[in-house]
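Okay, everyone, thanks for coming.

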Amino acid sequence: MCGIVGYIGTEDTKEILLRGLEKLEYRGYDSAGISVLNEDGVHLFKVKGRIAALRDAVDEKVSSTMGIGHTRWATHGAPSVDNAHPHQSASGRFTLVHNGVIENYTQLRDEYLKDVELKSETDTEVIVQLVEKLYEQQGDVTEAFRTTVSLLHGSYAIALIDEQNAEKIYVAKNKSPLLVGLGDNGFNVVSSDAMAMIQVTDRFVELMDQEVVIVQRDGVQIQKLDGTVVERDSYVAELDASDIEKGTYPHFMLKEIDEQPFVIRKIVQEYKNEHDNIKLDADIRKAMQKTDRVYIIAAGTSYHAGLVGKQLIEKLAKVPVEVHVASEFSYNMPLLSEKPLFIFISQSGETADSRSVLVQIKEMGHPALTITNVPGSTLSREADYTLHLHAGPEIAVASTKAYTAQIAVLAILAVDTAKAKGFDLDFDPLQELAIVASSMESLCDQKEEMEDIARNYLATTRNCFYLGRGVDYFVAQEGALKLKEISYIQAEGFAGGELKHGTIALIEENTPVIALATQESVNYSIRANVQEVVARGANACIISMEGLDQENDTFVVPKVHELLSPLVSVIPLQLIAYYAALHRECDVDKPRNLAKSVTVE
Ligand code: F6R
């Protein structure tokens with residue numbers, strides 16, 4: 001949430017910052033700004049709205065070789081020019097961008113800034129005013145910056161420039177992600193994410209919590225809060241610049257839906273050894289064998305993948321699994337078993353709610369495995385083990401390929417555990433996933449049918465219900481989330497049998513109900529639930545699986561192993577949501593009020 005960039009070098013900064021912010025826009029897009037410094041002083045450009053609007057607002061004639069930029073997802077204070085970053089100190093000497101939430105900002109304001117008139121409603125402004133206050137007392141910018149950082153409670157990634165020193169960008173982080181990128185020819189950069197700066201460098205240095213970094217044209221110095229210098233090697237980010245471009249696609253979401261067969265094949269390849277058996281870290285295998293209960297912790301779509309994962313692990317490996325929404329678990333922890341193993345599922349690896357559980361359970365001494373698309377991310381670094389999704393960057397705010405990748409990796413983990421426990425299975429996940437990949441391909445080729453469903457069922461409706469039983473219920477929840485987040489149609493996923501316990505009261509003439517029928521054991525009963533809503537006027541759309549299909553089903557997905565059916569049944573739901581949003585002229589890739597990486601609790 002919120003994205004930060006910084007550049008210090010020899011080229012004109014504006015374009016580098018703007019391009020970086022465009023790549024970070026998925027993290028928040030309600031307002032944006034850049035500050036550049038040249039011999040005339042600091043030039044500040046801020047807008048309410050998107051980077052495109054910022055581009056128009058930036059004065060082409062101002063040239064500079066250092067600056068910082070920000071794209072915002074509002075936490076404190078409404079989206080507005082005043083609340084947009086960068087923020088400046090009272091004298092205008094210091095300028096700062098921030099990602100995160102300063103929990104003690106009111107205390108800091110009351111204790112240190114009584115005589116300062118704040119210009120915004122943000123917690124961020126307190127930081128930059130504090131730097132100036134402390135500089136007035138201490139007379140040294142680095143010291144004032146370090147002291148400021150030591151006073152902050154909460155999450156932050158910050159970058160600061162000093163009007164009187166065009167040679168340094170001051171940077172710090174705690175809980176929020178921030179990287180320093182190393183350039184070869186007298187430049188260095190700062191970025192919330194390697195993707196934003198991959199056009200200028202692929203070499204990055206990871207920053208740890210409560211470190212301060214002085215970024216200069218010809219070097220980078222990392223310090224601890226007590227001033228001790230820290231040495232750290234850089235790493236090369238394995239990112240292909242073309243992965244983060246839309247290419248010929250109108251939207252990233254559509255591109256990412258289409259990438260799913262490729263991702264599943266990539267997972268099969270990555271998790272297969274030379275004997276065509278599962279290849280998995282032996283320590284993860286041991287941890288899965290040792291545990292008496294798995295606790296899956298996740299949010300949103302990743303939580304929905306966790307629900308499917310529970311079925312896979314319980315059915316195949318016979319290990320009990322609980323799935324918890326991260327933001328609830330922290331404050332309402334259930335009684336834990338004697339030997340718990342925590343699995344964190346997170347596309348970004350940065351979700352603050354999940355991270356706060358990770359910190360809690362690490363303090364309690366429990367082992368943790370992170371399943372993520374970003375191996376160097378916070379959740380990956382801080383857990384004992386990581387399983388990589390290999391899905392490539394997911395840019396659209398609505399998660400699609402990460403969901404199917406998470407389920408595929410969970411299936412592999414479940415089978416590996418079952419085998420390690422000596423269970424005889426007639427289920428080869430690598431072979432079954434190869435079948436899934438081909439089925440996904442054929443589904444992705446049937447976009448016109450999905451577009452018709454979106455038009456016929458969702459063109460004008462205000463609400464929509466998704467029904468399923470068993471694993472279809474979990475997919476129904478994911479289908480509903482996809483629809484609501486990008487089309488703003490109120491949508492809910494229900495267990496087929498539960499509807500009549502209350503929610504059926506909402507069914508009216510023409511209410512769309514999308515039902516999934518991919519499970520043999522409940523094929524009869526889900527269809528009975530559909531009859532119940534049709535009898536009350538619902539406009540029912542049945543998505544079934546080959547072999548279980550009946551006359552008049554709206555759409556039939558190819559047959560795959562029943563345990564893996566979510567991997568194919570979710571694709572029509574993703575595409576229906578996409579076309580519904582498109583017909584309603586919504587911004588598919590950047591839905592209102594949302595951000596891709598939710599780094600605040
Ligand atoms: C929905 C969506 C979100 C995320 C959730 C968790 O399409 O993308 O619900 O799934 O914010 O994010 P990660 O997986 O990065 O922890």
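So, α8 gives the largest share of the lining of the largest pocket, four residues. That helix runs over 260-270, and along with α6 (194-197), β15 (235-236) and α13 (378-382) it's one of the elements that each put in at least two residues. Keep in mind that this is a predicted model.

How much space lies in the largest pocket? About 1,100 Å³. There are 44 residues lining that pocket, and if you want to find its centre on screen, go to E238, L239, N373, V374 and P375, which are the closest to it.

Now, where does the largest pocket sit relative to the domains? It lies between domain 1 (3-240) and domain 2 (246-445), because both give residues to the lining.

Okay, on to the second largest pocket. Here we've got about 670 Å³ of space. Its lining has 32 residues, and the closest to the centre are A299, G300, T301, A595 and V598. Split by class, that lining comes out as 13 nonpolar, 11 polar and eight charged.

Which element gives the most to the lining of the second largest pocket? That's α17, with four residues. α17 covers 471-487, and α10 (300-317), β18 (340-346) and α12 (352-363) also supply at least two each. On the domain side, domain 2 (246-445) and domain 3 (446-601) each contribute at least three residues to this second lining.

Notes:
Residues numbered from 1 in each chain as written. Predicted model: local features only at pLDDT ≥ 70, side-chain atom pairs only at ≥ 80, totals over all residues. Heavy atoms only, no water. 1 Å grid on protein atoms, 1.4 Å probe; cavity = no way out; pocket = protein on both sides within 12 Å on 5 of 7 lines; lining within 4 Å. Points joined across faces, edges and corners; volume = space filled by probe spheres on them. Domains from an automatic or database assignment. Nonpolar A, V, L, I, M, F, W, Y, C, P; charged D, E, K, R; others polar.
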